[in-house]
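Welcome! Please take a look at the sequence and the structure below, and then read on for a short tour.

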Amino acid sequence: MKDKRKQWIDAMCKIVTPVLDMLEHGKLKQSLPLTFHEERKVFAPLEAFGRSMLGLAPWLETDSETLDEEERTRQAVYRAKVVRCIEMATNPESPDFMLFDEGGQPLVDAAFLAHALVRAPKALAAALPEETRKHLADALRSTRKIPAYNSNWLFFSAMVEAGLYVIGEPYDIMRVIYPMRVFQQWYKGDGVYGDGAMFHWDYYNSFVIQPMYVDLVRLFENEHEEIRQMKSVILKRAARYASELERMIGPEGSYPIIGRSICYRFGAFQMLSQAALEHMLEPHISPASVRCGLSAVITRVMSSPDLFDENGWLRPGVFGYQPELAEEYINIGSLYLCSAVFLPLGLAPQDAFWSAPDEEWSAKKVWAGGHIVIDHAQD
């Protein structure tokens, strides 16, 4: 399965490299295209960077000793690159110093950057030079003035505190525990939370809610008894939701185009990818079938000839360039949330996700006349 892993790495790097290359040299602001929704341009650089890091982080954290020489060398390049990028993004003297403390949007993308720190505590958080760590801490703290909406945004405030925690800074446990309490009340059943009191039929359980819920409870379970007691039910619900995502992958790698922010493309499968990464798939879902299903989605989306512009930047849409699918809050930077599908690259090549023989995913099996486990709802 070495070739399949390399295909994933190649796809991920093709997406995130323009962002990281420009930022590393202090040229992201001047290079990032703003071909639509230009009024969002002040937020775009942090969106592009934080969201790129969200999916890249687990691969950076992978034990380099488990990798072959080619991948190890490539990983080392990106490990060094992203540390320089964090300095460029957070140093007030940098030409690419990013907006963290005005408007609402910076809270969102500071949280995605913080989530990357949580996912790569050694390769990112512990690798920062002291001056860079201070700059990052100041930037994260500055987002506290931004009030979170009574929705998935509550997890953004919590994840910023998690980022401060993993870099050894003081943090506010109440900003962490509050959304955990609230979302218990917003649970709708069968592995799905409301985004607020109401149910929204979209992928925000995967874009934000469940991945952040799972990683926050894992990170802080030993810091607060109430969080520890939540853990088992949160993980059970997340595993169920991951199974639902697996069944949404069509035989040819397509998936339902429902709800807002559909331009985040295969970022819609973040919770399935995370369930594979953290070995929390339900027993009837094999890691190999998830690998094959997600590979089909990645291949399908990446096959569009107009997914990227002439300089390698993402363009809005699902399959290629479809700007009519981009809501008013979306700009080029927003699209990089698609990187979240690549989380299983944080697993060593020897893990069953990568090493087990190919296996068809649920829809592929059924629509070929095969057999799967019958589906049941979960309380």
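This is a predicted model: local features need pLDDT of at least 70, side-chain atom pairs count only at pLDDT 80 or more; totals for chains, interfaces and linings use all residues.

Residues are numbered from 1 along each chain as its sequence is written, and side-chain values use heavy atoms, with hydrogens and water left out. Helices (H or I, at least four residues) and strands (E, at least two) are DSSP runs, numbered from the N terminus. Buried means under 20% relative accessible area, exposed over 50%, and partly exposed in between, with a 1.4 Å probe and protein chains only. Contact, or touching, means heavy atoms within 4.5 Å.

**Helices H5 and H6**

- Helix H5 (105–119) has 15 residues and reaches 22 Å from its first C-alpha to its last, close to the 21 Å expected at 1.5 Å a residue (the expected span is 1.5 Å times one less than the number of residues).
- Because 15 of the 15 residues of H5 are buried, H5 is largely enclosed by the rest of the structure.
- Helix H6 (residues 130–142) has 13 residues that should span 18 Å, and its end C-alpha atoms are 18 Å apart, in agreement.
- The buried residues of H6 are Thr132, Arg133, His135, Leu136, Ala137, Ala139, Leu140 and Ser142.
- Helix H4 (69–90), H5 and helix H7 (153–166) are included in what covers these buried residues of H6.
- Ala139 belongs to H6 and counts as buried because its relative accessibility is 5%.
- Beyond residues up to four places away in sequence, Ala139 touches Thr90 and Phe100.
- Ala139 and Asp215 are 76 residues apart in sequence, and their C-alpha atoms are 22 Å apart in space.

**Where H7 meets H8**

- H7 and helix H8 (residues 173–185) pack at an angle of about 145°, with their axes 7 Å apart; axes are lines fitted to C-alpha atoms, for helices over the stretch in contact, and angles run from 0 to 180 degrees between N-to-C directions.
- On the H7 side, the contact is made by Leu154, Phe155, Ser157, Ala158 and Glu161, and on the H8 side by Arg175, Val176, Tyr178, Pro179, Val182 and Phe183.
- These contact residues divide into eight nonpolar, one polar and two charged (Ala, Val, Leu, Ile, Met, Phe, Trp, Tyr, Cys and Pro count as nonpolar, Asp, Glu, Lys and Arg as charged, and the others, Gly among them, as polar).
- In the loop between H7 and H8 sits Asp172, which is partly exposed because its relative accessible area is 28%.
- Asp172 touches Arg144 and Glu161, not counting residues up to four places away in sequence.

**Helix H12**

- The 16 residues of H12 should span 22 Å, and the end C-alpha atoms of H12 are 22 Å apart, which agrees.
- Twelve of the 16 residues of H12 are buried, so H12 is largely enclosed by the rest of the structure.
- Among the buried residues of H12 are Ala288, Arg291, Leu294 and Val301.
- The buried residues of H12 pack against helix H1 (2–24), helix H10 (225–248), H11 and helix H13 (352–355).

**The nonpolar core**

- The largest nonpolar core has 134 residues, and those with the most contacts inside it are Phe49, Met53, Leu124, Phe266, Phe269 and Phe342 (such a core is a set of buried Ala, Val, Leu, Ile, Met, Phe, Trp, Tyr and Cys residues joined through side-chain atoms within 4.5 Å).
- Leaving out residues up to four places away in sequence, Phe49 touches Val19, Leu20, Leu23, Cys85, Ile86, Ala89, Met98 and Leu113.

- Asp190 has a phi near 55°, a positive value in a residue other than glycine, and is placed in the loop between strand S1 (187–189) and strand S2 (192–193).
- With a relative accessible area of 23%, Asp190 is partly exposed.
- His279 also has a positive phi, near 55°, and is found in the loop between helix H11 (270–277) and helix H12 (287–302).
- His279 counts as exposed, at 57% relative accessibility.
- Ile372 lies in the segment after helix H14 (362–366) and counts as partly exposed at 31% relative accessibility.
- Apart from neighbours within four places in sequence, Ile372 is in contact with Arg247, Ser362, Lys365 and Val366.
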